[in-house]
Every structure is written in structure tokens, then in C-alpha cells.
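The tour below goes from one selection to the next and says what to look for at each stop.

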Amino acid sequence: QVQLVESGGGLVQAEGSLRLSCAASGSIFSVNTMGWYRQAPGKQRELVAAVTSGDTNYADSVKGRFTISRDNARNTIHLQMNSLKPEDTAVYYCHANIKETYYYPEHDYWGQGTQVTVSS
């Protein structure tokens, strides 16, 4: 059984910073892409940032403000969020593509979500 456990998040004023972390644990053979998505009320879930074998991808709205990093040895990712804006308010979800064994295909796994609220 694979789990993604998130930490961080909370309430911060505009222009402040927060750091999110996500650790994958359980029966893991390999981890491909890991990343963060977010969903604001009434909106679709959207990609915020992702990392695959050292290559990173960011949503245009967060480029220059957010930085994703990965610790492959610990199957962990972090999202450093700076210069936060009220429009960054959303539930942030960790995502990972994981193979549980050599013979199994990759599956998508999601964390439970963590609330980020930015006040103006």
C-alpha cells in the first residue's frame, strides 16, 4: 500500500511564504513524476509544479515565485512558495507516478490535500 503524506500549508498574508512537503511511503519499486496540483473552490484541479528525473515544470502563474525540489533517496518533494498572492488560495494535492513492483505498471497516487490560504 502506497501513501503520500503531505505537510505544511496554512494561513499566510499576501507576499508571505510557505513550504509544502510530501513523502511517499509503502511498497515502492520506483517513482517517476512527482508534483503538486491545486484546486480552488469552483475551479478545476490544475498543475502547479512537477519534477521528473531532474526536469521541472511550472504553471505560468507560479513561475519565479514557487520552487519544487526532490529528494530521491527519501521519495520526498518540497514546494517552496514565495510572494504568495490571494489567488494562490486553494487545496494543494501531492501527486506521484509510482511502480509498486518491477512487474506492475505505474499508478497515479494522490495525497489527502492541504489547505493554503493567502489573505490580502
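Three aromatic pairs are counted in this predicted model. Start by selecting phenylalanine 29 and tyrosine 102, which form an edge-to-face pair with 5.9 Å centre to centre and 80° between the planes.

Are they buried or exposed? Phenylalanine 29 is partly exposed, at 47% relative accessibility. Tyrosine 102 has a relative accessible area of 57% and counts as exposed, because the cut-off for that class is over 50%.

Next, select tyrosine 37 and tryptophan 110. Their rings also make an edge-to-face pair, at 5.1 Å centre to centre and with 65° between the planes. Tyrosine 37 belongs to strand β4 and tryptophan 110 to strand β10, so the pair ties together parts of the chain that are 73 residues apart in sequence. Both residues are partly exposed: tyrosine 37 has a relative accessible area of 23%, and tryptophan 110 is at 37%.

Ring pairs link Phe29, Tyr102 and Tyr103 into a cluster.

Which rings does arginine 45 lie over? Arginine 45 sits over the face of tyrosine 93, at 3.7 Å from the ring centre. Arginine 45 also lies over the face of tryptophan 110, at 4.7 Å from the ring centre.

For the last stop, select glycine 9, in the loop between β1 (2-7) and β2 (10-13). Glycine 9 is partly exposed, with a relative accessible area of 26%. What does glycine 9 contact, leaving aside its neighbours within four places in sequence? Its contacts are Leu18, Arg19, Leu20, Thr114, Gln115 and Val116. Finally, draw a distance from the C-alpha atom of glycine 9 to that of tyrosine 92: the two atoms are separated by 8.3 Å, although the residues are 83 apart along the chain.

Definitions and conventions: Residues are numbered from 1 along each chain as its sequence is written. This is a predicted model: local features need pLDDT of at least 70, side-chain atom pairs count only at pLDDT 80 or more; totals for chains, interfaces and linings use all residues. Side-chain values use heavy atoms; hydrogens and water are left out. Helices (H or I, at least four residues) and strands (E, at least two) are DSSP runs, numbered from the N terminus. Buried means under 20% relative accessible area, exposed over 50%, partly exposed in between (1.4 Å probe, protein chains only). Contact means heavy atoms within 4.5 Å. Rings of Phe, Tyr and Trp (its six-membered ring) pair if their centres lie within 6.5 Å; planes under 30 degrees apart count as stacked, over 60 as edge-to-face and the rest as tilted. A charge sits over a ring if NZ of Lys or CZ of Arg is within 6 Å of the ring centre and within 35 degrees of the ring normal.
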